[in-house]
Every structure is written in structure tokens, then in C-alpha cells.
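Work through the exercises below with the model open. Each task is followed by a stepwise solution.

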Amino acid sequence: MSTSSVSLRFSGRQHSALYDHLFPGDGNEAVALVLCGRRIGDADEGPWGSRHVLTARDIIPVPYDLCHERTPVLVSWPVEPFLDVFDRAERRGLAVLKVHSHPGGYRAFSETDDASDADLFPSVMGRTDDPGPHASAVMLPGGEVFARAAYDDGEGGARFVPVESVLVAGDDLWVFHRDAVCDGALGRVAGFAERTAQAFGVGTTAALSRLSVAVVGASGTGSPVVEMLARLGVGEIILVDPDLVEERNLNRILNATRADIGRPKVEVLADAVRRMDLGTRVVPIQSSLFDADVVRRVALADVLFGCVDSVDGRDLMNRIATHYALPYLDVGVRLDADGQGGVDGVHGTVHYLQPGGSSLLSRGAYSATALQAAHLRRADPELYESQLEEKYVIGVQEGSPAVVSVNTFYASLAVNELLARLHPFRDDDNRKFARNGISLSQSRFLSDADGEPDVALAKLVGRGDTSPLLGMPEFSATATRRAA
Ligand SMILES: [Zn+2]
């Protein structure tokens, strides 16, 4: 196992449950174990693609009265009662994360921590027969988290590597970089980003410059999203779309010209980002998202933007964001033509979806029947056509009309949503704005809170890599085809 950079992710609910246990109010340290899913990067995917991600899954608090000792500067606890937790990690291929608190706010691992981790992790690795990465983390009174990954050193001990960043995908989006939390470094703001920094703060600008964002869909809403992310100074954009530029797309794809007809959309947008030369690394992937390798690459991003119409594509993104604990921003635009050259309605919605929260399906963004029809059309086009004829399935909605000014409007709403999550600027809490719909034809702006969790998806939060990927049999087929 290589020691690529490692990041750690929590949902907002997991983070607040941990916080409540780790800071009971008595000023003493406390500790919990967390079983984590993993996304193991590949060395040949480049510096960003090779990183490993640990995604929190099950939290096991160590009861206060079970601890040998709890003081403001140490916590000691017996491992024996938790051996079944390690066995569960082994059975399910999960990593073991130990998290404890520093109520005094000490921003480093102490000598006591070093001794305790050097003792704990070799027994974790022995018991689970898993060389890592596992991890040890510290939570501070402000909720910040820093961590280190633990690997088998091959000599019966553990080797520790700092975890670069910790992401918390809740109502707000927190990204704790190790150097910012432990060394107070905020990073330097590049000249072009000074004006953004004036509005959103140096911390937000620095966070953006180290953020990896996956954008799925490189057309009407995807292209303005990419344009804005690059000019905001985002660190990496992973761009996914299988299609080539056609003449009929030129009314709405930013940076596409007549000379680009026939070129992959992702390449056209990637070229535009490179020409800007503002420091954004761009990874164009000309493919459908329904490909195991593409899903795995997208899962490494810190944020996912969905800029597609297809119901099954949006459902897949919701699933990826759940398994890999990412926030997912979905942009949907609907322009209804009346069939006589006019429009009946101009509506659009930006959804902010957090792992373990409600889903596009549970919010009613599409129906289970529409989802089934979309899956059938992709899996078995002939059966779909015949069932459509027999009226056994409802027709999958084809591309609706699109207008650059309308698409760009909703794309902008989505990018502002990301900024609001990174740097809360609303008068009210972000939790009240899980869904923001604007009807341009009715001049209405409607916002809703997150609502009840999607129970089926909530069980999968932080599951990480599985076989088959995302628990979807069709990905075992792509994986086998690629390996062959
Ligand atoms: Zn400590």
C-alpha cells in the first residue's frame, strides 16, 4: 500500500454526534472509534487521483465510565471490550479510526497520543489482518479535526502519515486542511482571486484553491458552472460528459465555437480552463458516468456538481455522494414549450444534498417509475421500446429546449450555493435552503429545508469502495470488461 495523501470525510450528522460525545462538558478528554469505508487511489492516476479517502460509517463511542482515566490532557481506555468492533471492520473491509478530544485546544498529537497510537494500531492491524490505512484523529472545541493515517510498518509496528484534509459535508461545508488547523497557515491569495477574497474571506479563497470539484455534464448548465469554478480559483475540476459538440449546442455551451463541432465537449471546456491559466487543474473524461473507473475517479472529488437532465444519471450521483460522503449540488432546468413556438413555463431548481439526508428521489425531484424507465432504456433499449409501445413504462423525457441565459442563471445559483455552504452568508441557517427553486415565468423563489432522510440511502453513508461498486451489479460488468 503506497502512502499517497489521505483525506477523511464525515457527514454533518456524524460530526455532530461525535462532537456531542467528545465534549460532554466536564472539560476532560473522551474517545470514540469510527469504522470507515475507503476509496483507495491508484498511483498511476496522478497526484490527485492517487489519494486515499476514508469515509466515516459507524460511530462507536467509548463510554465514559469504561475509561480507566479521563483528564483535561489524556484519556485511557481498555481495548478488550472493542475487539468485536475490530472483527466487524475485518468482515466488512472497513478501516478503524480512533477519535479523541483536546478540550484545551492543543493543535497537535501529544506524546501521550504517540504512545497510545503506537500501542493501539499494531493490534488493530493484527486483529483485522489489514495493513491500513487506518487513522487517528483529534477533535478541537471549535469542531476542527486533524488526523494521521496509520499503516503497517512491516516490522510489527505502525507508521504514521499526516492526513492532508478533513471534509465535513453537513448543512455547512467544512474543509479542514492540516496546515491551516495545526500551523495556522491560510495560504496566499493569487492576484486574480483578490476580489473574491474581499467578499468571501481569505479562508474561503484558500479553501477553493485546494478543492477538487467533479462536474458531470458539460453542456448548457455544466459549461457556465465550469467557467465560474475556474474563475473562483478552484484547485481541480474533473469534467465528465460522453458527447461531442454539435451545431445545435452552440446556442448554450460557453467557449464552444463553430470550429469545435465534432470535438468532445469536455476537451473544449478543458482547453478554455487551461487558456485562463489561473491555476486550476482540469481532468476531462469523455465518458458516461455509468462506468466503474469514472465513478471511482469522481468519488475522489470533494464536491459533486450534477448538470444533467437524465433521471438515472442524477440518481447515480446521489448514490456516489452517499457512498463516498460528498456534498452533491444538482442543477435542474425546465423550459416547457407549448408546441406553438411559445413557452409555458421557465423553472429551475438547485438541490444541495448531503450524505445521510434526503435524496432527489425522496424530495420528489423524479419518481421511482421514471427512474425504472430510465434504467430499462439504458440496460435494454429494445425491451424499453416495446414496453413503451405497450404503455408498460412511461416515456423518458427527451432533451427540453435550452436557452443560454436561462441555463446560466441556474448554473450561477448552484455555484452561489457552494459558496454559501463554504462561507455561510445567508441571514438564516443553511439548513433551511436544501432546495432552492426559482420560477422565472411566475417570478417566484421557493426554498425548502432538507426534510426527512432517505432511509434506504442513509444506510449506505460512507460505505466507500464495495464489490460491486455502489452495490450495483452493472458495475461488476464494466469492471470485468476493463480488466479483460
Ligand atoms: Zn491527545
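His 100 is buried, at a relative accessible area of 2% (buried means under 20%, exposed over 50%, partly exposed in between; 1.4 Å probe, protein chains only). The model is predicted: local features need pLDDT of at least 70, side-chain atom pairs count only at pLDDT 80 or more, and totals for chains, interfaces and linings use all residues. Residues are numbered from 1 along each chain as its sequence is written, and side-chain values use heavy atoms, with hydrogens and water left out.

**Exercise 1. List the protein donors of the zinc ion and classify its site.**

Step 1. Collect the donors, meaning N, O and S atoms within 2.8 Å of the metal (3.2 Å for Na, K and Ca). Water is not among the atoms, so sites may look incomplete.

Step 2. Check the angles. They run from 58 to 150° among the four donor atoms. Four donors count as tetrahedral if all angles lie between 85 and 135 degrees; four count as square planar and six as octahedral if opposite donors are over 155 degrees apart and all others between 65 and 115; anything else is irregular. The zinc site is irregular.

Step 3. Read the spacing along the chain: H-x1-H-x10-D. His 100 lies in strand β6 (residues 95-101) and Asp 113 in helix α4 (residues 111-128), so the pair ties together parts that are 13 residues apart in sequence. Helices (H or I, at least four residues) and strands (E, at least two) are DSSP runs, numbered from the N terminus.

Step 4. Asp 113 is buried, with a relative accessible area of 5%.

**Exercise 2. Describe how α10 and α11 meet.**

Step 1. The axes of α10 (residues 311-323) and α11 (residues 368-379) come within 8 Å and cross at roughly 105°.

Step 2. Name the arrangement. Under 35 degrees is roughly parallel, over 145 roughly antiparallel, 65 to 115 roughly perpendicular, and the rest oblique. α10 and α11 are therefore roughly perpendicular.

Step 3. List the contacts (heavy atoms within 4.5 Å). Val 311, Asp 312 and Asp 315 of α10 meet Ala 370, Leu 371, Ala 374, His 375 and Arg 378 of α11.

**Exercise 3. Is Gly 345 buried or exposed?**

Step 1. Locate Gly 345: strand β17 (residues 343-353).

Step 2. Gly 345 has 1% relative accessibility and counts as buried.

Key: Axes fitted to C-alpha atoms, helices over the stretch in contact; angles between N-to-C directions.
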